[in-house]
Every structure is written in structure tokens, then in C-alpha cells.
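The sequence and the model follow.

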Amino acid sequence: MLNTKNTLALAVSAVTLTMLAGTSFAYEKKVSVSAIAGTTGFGADASWRFHENLAVTARYTDGLDYDTDFDEDDVNYDADFEMKASSVKLDYFPLGGSFFLSAGIMMPDIEANVVGTPDNDTTYEFNDRTYTAAEIGSVVGTATVSDGTQPYVGLGWRSSHQSGFSFFSEFGVVATNVDVSLSTSRNFEALNPQLRDDIRAEEQSLEDDIDKFPLFPVAVLGVTYTF
């Protein structure tokens, strides 16, 4: 009886492995290459769909710059943002078609050069203390929104199971890593420790405001060709 059970178990295992192997080899693995544009710039990606439900995608984007301005404590900051990012992720196609869920890591470099001037053109107020523009000039520095290696999640549509040209889109979020560094254009804080401390408080205030949105939106549109 024991031998019969062992024989039956081996037979079932063999059939199961054969079916799994058949399913694996039946799927035709495909590679897609794409030209893309999105909120982190312009670039390209390559995706290897090695299973009906799974693909690995690598991406790089760069070259998107834009200017914006915002107010903080009666100081107007002009920010010149530069965007670039690379990522590696796993795409899961739950239905075996075009729709996918995505998770992986992104290496973003989202940073702005900032210049601050007083709203009234005459005085700054840092940490509840007043300084004249004649004394310190303008406030200059950098504001980093996200850099290093950050987690990424998203969803999208890509017909990587079918050969030929197609359009694809993806929407996701990457974690932010906010850091602000400020100084005065005349380096007056080197002679005034109180101003230096107040500038540090202004940095923290800006970081707190930016960090109210701990995720940066990633939206991508592209044209892809699947081999």
C-alpha cells in the first residue's frame, strides 16, 4: 500500500511538473523598447516579459527643467528645477494582458536652485527676526525633493505580450527625501551667528512645507516596439 501511495505521488508530481514546464515553455518571451516622456524627463526604457504575468523593466529619464516660484514667510523664492531618474522594477500583469502593477526602486535626482527675495523688496523675516535686504542681499541655495535610492510603486498599460508598435502609459509615486540648504549672497551669516541660526530655521520651515507631500508623482507616456 505504501509503495502504491509513493508511486501515485511520484506520478502526480511528474504530471504537475510537466504541466508547469509546458506552461513555461509555451509562453513566448518578448522584449519591448520604448521612447518615453513624463514628469521626470525624457528618455527610454527596456522591458523583458519573461512570463505571461511578469516582466522586468529598466528606465532612464533626463532633460526636464522648469521654473516655479513660491512664498515662505514673506520671502518669494524662484526655483529652477532639474529632473532626472533611473529605475528598475518588476511589472505584474494579473490578467496576462496589457494592464500591470509595478514595484521596484528608483534613483531620482529632483533638485532646484533657489533664489529668495523679500516680498516688500526691503526686509526679510527669518525666525521672527527682521533683516534688511541691504544687509544680506538675496537668499540663495538648493532644494532637493528626492534623491538616492527610493521605493517606487505604480500601475500602467503596456501591450508587451503582442509584437509590433503600441502606446503605453504608467502612473506611480516615488518617496521624497527633502533637504534644503540656504545662504545669503553676501555671506553675512559668517559674521552674524544669530542670522546663521535663523537661516537654519528658515531651511527647516521650507523642508516642513515641502515634506507635507511625501510622495512625488511619476507619470509616463511612451511609444513602444515589442519584438
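Which residue in β8 is the bridge partner of G116? The partner is V139. The model is a predicted one.

**Strand pairing**

Strand β5 (residues 99-118) pairs with strand β4 (residues 75-92), with strand β8 (residues 139-146) and with β9. The table lists these pairings, each with one of its bridges.

| Strand pair | Sense | Bridges | Bridge partners |
|---|---|---|---|
| β4 and β5 | antiparallel | 18 bridges | V88 and I105 |
| β5 and β9 | antiparallel | 8 bridges | A103 and V153 |
| β5 and β8 | antiparallel | 7 bridges | G116 and V139 |

β4 and β5 also form a hairpin, with 6 residues between the two strands. In the turn, G96 has a positive phi of about 75°. In a regular strand, side chains alternate between the two faces of the sheet.

**Surface patch**

Y92, L101, L155, W157, F171 and L221 make a nonpolar surface patch of about 570 Å². W157 lies in strand β9.

**Confidence**

The chain has an average pLDDT of 88, and 89% of the residues score at least 70. Confidence is highest in strand β9 (residues 150-157), at a mean of 98, and lowest in helix α1 (residues 2-26), at 43. The pLDDT is below 50 over residues 1-24, a stretch that has 1 contact in the model beyond near neighbours in sequence.

Terms used: Residues numbered from 1 in each chain as written. Predicted model: local features only at pLDDT ≥ 70, side-chain atom pairs only at ≥ 80, totals over all residues. Heavy atoms only, no water. pLDDT = per-residue confidence, 0-100. Helix = DSSP H or I, 4+ residues; strand = E, 2+ residues; numbered from the N terminus. Contact = heavy atoms within 4.5 Å. Patch = residues over 30% accessible without salt bridge, like charges linked within 9 Å, V, L, I, M, F, W, Y side chains within 5 Å. Areas by Shrake-Rupley, 256 points an atom, 1.4 Å probe, with all protein chains shown as cover. Salt bridge = Lys/Arg side-chain N within 4 Å of Asp/Glu carboxyl O. Pairing = 2+ DSSP bridges.
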